[in-house]
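I set out to record what I looked up in this structure, entry by entry.

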Amino acid sequence: MTTTAELMDYAEVVERYDPVLGLEVHVELSTNTKMFCGCPNSFGGDPNTHVCPVCLGLPGALPVVNGTAVESAIRIGLALNCDIAEWCRFARKNYFYPDMPKNFQTSQYDEPIAFDGYIDVVLDDGEVVRVDIERAHMEEDTGKSLHVGGATGRIHGAEHSLLDYNRAGVPLIEIVTKPITGMGERAPEVARAYVTALRDLLRAMDVSDVRMDQGSLRCDANVSLMPKGASEFGTRTETKNVNSLRSVERAVRHEMTRHAAILADGGSIKQETRHFQEADGTTAAGRTKETAEDYRYFPEPDLVPIAPTREWVEQLRATIPEMPWERRKRIQDDWNLTDEELRDLVNTGAIDLVAATVDAGATQADARSWWVQYLNQQATSRETELADLAITPAQVARVIELVGSGELTNKLARQVVDGVLDGEGDPDQVIEKRGLKVVSDDSALLAAVDEALAAQPDVADKIRGGKVQAAGAIVGAVMKATKGQADAARVRELILERVGA
Amino acid sequence: MSNISRDEVAHLAKLARMAVTEEELDTFAGQLDQILDAVAKVGEVAGDDIPPTSHAVPLTNVFRPDEVRPGLSQDEALSGAPAAEEGRFRVPRILGEEQ
Amino acid sequence: MSDLTRLTAAELADKIHTGEVSAAETTQAHLDRIAAVDGDVHAFLHVDAEGALEAARAVDADIAAGTAPASPLAGVPLALKDVLTTKGVPTTCGSKTLEGWLPPYDATVTRRLREAGVPILGKTNMDEFAMGSSTENSAYGPTRNPWDLGRIPGGSGGGSSASLAAYEAPLAIGTDTGGSIRQPAAVTATVGVKPTYGGVSRYGLVAFSSSLDQAGPCGRTVLDAALLHEVIAGHDPMDATSVDAPVPAVVDAARQGARGDLSGVKVGVVREFSGEGYQGGVLRSFETAVAQLKELGAEVVEVSCPNFTYALPAYYLIAPSECSSNLARFDAMRYGLRVADDGSHSAEEVMSLTREEGFGAEVKRRVMLGTYALSSGYYDAYYGSAQKVRTLITRDFAAAFEQVDVLVSPTTPVTPFKLGEKVDDPLAMYLNDICSIPANLAGNAAMSVPSGLSEEDGLPVGLQIMAPALADDRLYRVGAAYEAARGPVLDKLGELEASK
């Protein structure tokens, strides 16, 4: 596992091979309770405090399906243009693992609740790619293990493990694509764009937190290569532990270059699970299993079938919000944006933020300018996502409002935003604390003007004598005295007024 | 005859996580063979046109409202644990993958 | 004092509720009886004298305060099969793997009993995880049949039925997956009912085979069973397979039946349940019973259920398959036995070593059988086919119940055999359930009621009555009528030698 894999140059990879992708995304639903019991479904908490006989797998305990989770599953299926099963069952997937209390996972096998759908994915250059969805099914999450002892604190070399079942039984939806073919060199980008689109969709539907960093959205990437022009798929590998959108793209790209090097060398790909390593963007093989898994699926006898009536499905369909890509199209029309302006908005991830800022009272041009330019720069320099910046659209709208009313200059406004980003409070609190407001009180300004004129009587005389441009020196002095908080134009007016010019 | 081999029994024991003895392997191989031979009779009437029955009662759509119910305290949860540490179940080192 | 143990539950309830005797002295009388005879019978794995007396005293306090009893059985003590969880009271399922486990929660049946003011005397012995027909598969030693201490009391619920026959308890709870209530009832001359699947909550019933398991009432009379049935039955939101329908009026049906009139009732005799493998005395007892049903006014016809002969093989695929998955949770990680945790073994090895140590031979056999039947490549031939047989059996029942109101058969093909006689021959042991299994596969209601003693060995025989799902009341009507006509059987059992 320590040997560095040979990699082929990417340009050569795509010249010689066609990639085939298959993406499996697990989404944790943000229901109040778990999939099969009434324990709270919440991230964190003291270990083993969100547990009950059911999710701990105690002898005698029985599952009962969370109706809201089923509704979410159907809604997700509908948003992905899937057919919704008329009748389906849960099944038990049997395998032993200490983080799984019953040693079977209650899942769905050959009867998923949603199947045969698609999602249209927009690439960076605006090209739209349709990704076909094989199925979306319901299942439950496992507990979490903490590995103690050993050098790395990871599973290998650990002396023992500690188990927390707070996450056990949290509702999951697994969304599986059909094989994605014909993408050529854009395959890694398509993978990222697909997961991004899915994330945006799930967020718009408010069914999940979709936080890849917290594991509420997880992606397993299946990659295989076949020689250019071939029709039979090559052997695939499945890469897990892909914890960000960027990693999805990197993992696919890495596997393509690794597979290609092996194939070109006459080798063959081993069908296996690999783990993405964030640090260097490579993948590592997992432990080889001695025997092939045999999950011995059978219908879950403790749960009765689900047969969603068509009326129910239609009621749920009516609750599906406008999809992000539909919204983008509408916004482009409403705001009269060029393709390039829209792309800037989409690429920076600013569209929802701008819309929310507009909703909070700003004009779309101002809102767009702030988010796409200054705030986007801030996100980059602070190494975070735009949406994760510590400023709300309402706060941005307030800053825009203050600039519009002349209470802030653009330069001051940026300082106010910096203060908000640094956690100093609301824009008004930052202004207060930092004393940043434009000095618009004429009496205060007049005092500063008089003082400056008195200090430079010769300049005052020149102005009085008609050399109006000499006022610049007095303006400068006043600005200096007010630490730049005065409105320079108003200062100029006051100076001219004062000398009676 | 189903003729289940000793190796197959060993494989089943492994799948079922039971460290059976050599002696048990012999006994179980014989008995399972006999039982499987007897139960294979179900194949005589299980035609393609017969739908399978997984549940004795014809219920569908039994759901629970998405409301939090009181569960167990950490102490209760760990009360039966063979070993516990830091509010967690302590188990021997785990082979294999992080799931 | 000891006379209290000879009374029926209905009689005890009456005396307690009218203040003639106290619930505490009733409970104490049974605890004394247990102390006297259970050394020989071994019906109990755990006796909870303290808990039972406390519950009894609470009932007495209610009665003293003039509060209406919590239920018609308030104050009448009961023996609970050790497969139902009891908060803070040991629950072993007859397995070494759960030795010393104190559940942190009550089963719904347990909770309903508590709420009904029924003192729980203790937990009764059983075949490990309810797998067996003799109680010999208990990790804690077999229960003995009060009719002959050298014979089996039936299984898996041998402890519950033996506790009734030995007058250690007036009521008991059993569970029935393939006959585990009815077969022990038959071989001890007591009454046992498997309600309609979904009629009694399975929450807290440690699962053997989830789609077949059903808890039910056991008593010495049909009326007692009916009273207990109404206490434990009813919809439970904690069990998704629980039927959301009113509990059939079984007590009324038992009272109606006891008047001895079955005119207008059509009874079907299942043709397939006779012939080879059936003991002569059992068949003759059955014929006598059928004749008595006719005398009571019932119309008796013979019906054929041709697929019933496939019930046993289907059962021995479905039950082991489900059990192989249900028992996977006993892995030494969260509760129960753990061996070999000495730092040198991985979690996986500790699981395997613990399961090897903690499970008995029958459990291992069924877990492996089920693992095999669910394996890829074998699923269709075994598990899949068994589920199709289940459909055929359900259809046979449906066709039969078009013609008749209830079906009858012997409960078991033979009278209780000697301890150790079949323990090494699983297939011979499995044949005990041949008549009882179809009702489990179809989810119907079924009862065993004593039908006398077999002429060749003087040992008890049971009459099985089967009714359609949700028509449990028919069992009680026919059972009570037959019981009244037949007269008591358990009275023929002499006093246990040990108790003098």
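Predicted model: local features only at pLDDT ≥ 70, side-chain atom pairs only at ≥ 80, totals over all residues.

Residues are numbered from 1 along each chain as its sequence is written, with chains lettered from A and ligands numbered from 1 in the order in which they are written.

I then looked up the strands around that pair. Strand 4 (residues 91-94) and strand 15 of chain A run antiparallel and are joined by 2 bridges; strands count as paired if DSSP finds at least two bridges between them. I found an open, antiparallel sheet of 3 strands in chain A, in the order 5-4-15. Its edges are strand 5 (104-107) and strand 15 (298-299), each pairing on one side only. Helices (H or I, at least four residues) and strands (E, at least two) are DSSP runs, numbered from the N terminus.

Next I turned to chains B and C. I noted 59 residues of chain C in contact with 44 residues of chain B, contact meaning C-beta atoms, placed from the backbone, within 7 Å. Helix 13 of chain C gives the largest share of the chain C side, 11 residues.

Lastly, I looked up two helices of chain C. Helix 10 and helix 12 of chain C pack at about 100°, their axes 7 Å apart. I therefore recorded helix 10 of chain C as roughly perpendicular to helix 12 of chain C (65 to 115 degrees; axes are lines fitted to C-alpha atoms over the stretch in contact, and angles run from 0 to 180 degrees between N-to-C directions).

Note on methods
Contact = placed C-beta atoms within 7 Å. Parallel < 35°, antiparallel > 145°, perpendicular 65-115°, else oblique.
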